[in-house]
Amino acid sequence: MDTPAAPQQAETVRGGECVLVVPPRGRVFPQAGEAKIGVEHPGCDAVADLAIELDAFFCPSCHRNGRVSGAWCRDVIEAAGPAVTTGERG
Ligand SMILES: [Zn+2]
């Protein structure tokens with residue numbers, strides 16, 4: 001299966017519709033100029049930081065905390081391709 005990286009519906013986010021965004025060559029902790037993997041959430045233009053180990057996300061812009069399944073996020077990110085990493089590996 002070779003599906004393009006597209007916004008994925010986050011499963012366990014409460015309080016609104018949040019979407020896990022996995023851009024091509026994106027990273028959870030991007031360097032300058034790299035695309036960012038994160039969570040889009042209602043009422044805010046920023047992409048929230050993903051904390052996979054904590055099963056959570058946090059938006060530095062609107063200070064929203066949310067819950068996600070870290071294992072599920074990791075699966076989605078890994079399924080998006082080897083160029084996409086969580087930042088834990090080269
Ligand atoms: Zn926000």
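Let me start with the contacts of L50. Leaving aside residues up to four places away in sequence, L50 touches V28, I37, G38, V39, F57 and C73. Please keep in mind that this is a predicted model.

Where does L50 sit? It belongs to strand β4, which covers residues 47-51. Is L50 buried or exposed? There are 28 other C-beta atoms within 10 Å, and 20 or more count as buried, so L50 is buried. One further pair to look at is L50 and R67: they are 17 residues apart in sequence, and their C-alpha atoms are 9.7 Å apart in space.

Now the chain as a whole. As for contacts between residues at least 6 apart in sequence, 31% join residues at least 24 apart.

That brings me to the helix, α1, residues 70-79. Which of its residues are buried? They are C73, V76 and I77. Looking down the helix axis, these buried residues fall within an arc of 95°, so they line one face of α1. C73 is also one of the residues that L50 touches. On the other side of α1, A71 and D75 are exposed.

Last, what follows the helix? After α1 comes G81, and its phi is positive, near 135°.

Note on methods:
Residues numbered from 1 in each chain as written. Predicted model: local features only at pLDDT ≥ 70, side-chain atom pairs only at ≥ 80, totals over all residues. Helix = DSSP H or I, 4+ residues; strand = E, 2+ residues; numbered from the N terminus. Buried ≥ 20, exposed ≤ 12 C-beta atoms within 10 Å, placed from the backbone. Contact = placed C-beta atoms within 7 Å. Arc of directions from axis to C-beta.
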